Amino acid sequence: MPEGDTIFRAARTLNQALARRMVTRFDSVFTRLTRVNEDHPIVGRMIDRVDARGKHLLIWFSGDLVLRTHMRMHGSWHIYRPGERWQRPRAEMRIIIGTPEYEAVAFSVPIAELTSGRDLERDPAVRDLGPDILQDEFDTAEAIRRIESMPDAHIADALLDQRAIAGIGNIFKSEALFVARINPFACVGDLSRADVERAVDAARRLLRASALQRPGAFSVYSRSGRPCRRCGTPISRRKQGIDARGTWVRALSG
């Protein structure tokens with residue numbers, strides 16, 4: 001699943017291509033979008049901006065209309081010049097937003113809705129998000145408070161909970177806890193506030209760096225059986241949480 005850094009980069013790229021341009025085409029395979037489009041036509045509107053909130057990508061149109069998409073596991077947005085060949089199959093197209101200069105195409109995006117700015121803020125999917133780890137005004141104290149409200153949760157699962165912190169996914173959950181030297185399977189209630197703060201700070205540093213430039217080699221993620229770059233201890237992968245998601249950790253740390 002794309003994490004906050006990937007969505008941040010996608011929003012930045014879309015904003016550079018689309019902001020302050022007029023929509024000349026809007027197509028979608030989602031009937032819920034086309035029905036709204038019939039009542040509130042998108043063609044002819046200006047695209048005010050594109051930004052990200054956690055793992056949600058938001059395209060803001062003039063006249064208080066917002067397109068919210070979530071990528072889940074395989075979704076992505078691409079930018080093309082009109083007539084340029086797509087890099088993914090046409091059968092995977094879900095949304096097209098055209099301007100005279102560019103086409104933005106959403107491929108395999110499973111979640112998309114058109115809403116107003118006011119209704120967006122009332123939507124539990126957005127309303128209940130924790131502080132966005134990539135925003136300049138990120139509230140570290142509030143994020144720590146929300147994590148500490150889950151004392152029985154493993155710290156790795158708490159970092160993944162978007163109601164605690166918006167934007168962290170499976171990659172940077174493992175990477176941040178490795179950098180912070182915290183066992184991913186430790187319960188939040190068994191950690192000190194300094195431990196939790198160290199984990200949050202590590203996640204923020206890593207995600208902000210990745211948002212500016214695609215990450216290079218990972219320390220533990222997807223490196224099962226390979227030696228730790230720091231000490232040579234083998235890296236292991238263990239299933240964790242109700243979704244049995246993979247957690248990568250040095251074998252000796254539990």
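At what angle do the axes of helix H7 and helix H8 cross, and within what distance do they come? The axes of H7 (residues 170–180) and H8 (residues 193–212) cross at roughly 125° and come within 8 Å. Axes are lines fitted to C-alpha atoms, with angles from 0 to 180 degrees. Helices are DSSP runs of at least four residues, strands of at least two.

This is a predicted model, in which local features need pLDDT of at least 70 and side-chain atom pairs pLDDT 80 or more, while totals for chains, interfaces and linings use all residues. Residues are numbered from 1 along each chain, and side-chain values use heavy atoms, without hydrogens or water.

**The helix contact**

Contact means heavy atoms within 4.5 Å.

| H7 | Phe 172, Glu 175, Ala 176, Leu 177, Val 179, Ala 180 |
| H8 | Arg 198, Ala 199, Ala 202, Ala 203, Arg 205, Leu 206, Leu 207, Ser 210 |

H7 is largely enclosed by the rest of the structure, because 10 of its 11 residues are buried (under 20% relative accessible area, 1.4 Å probe). Among the buried residues are Asn 170, Lys 173 and Glu 175. The buried residues pack against helices H1 (4–18), H6 (155–160) and H8, and strands E10 (235–240) and E11 (245–250). Arg 181 follows H7, with a positive phi near 60°.

**The core**

The largest nonpolar core has 30 residues. Such a core joins buried Ala, Val, Leu, Ile, Met, Phe, Trp, Tyr and Cys residues through side-chain atoms within 4.5 Å. H8 gives the most to this core, 7 residues.

Conventions: Buried < 20%, exposed > 50% of the residue type's maximum accessible area, 1.4 Å probe, protein only.
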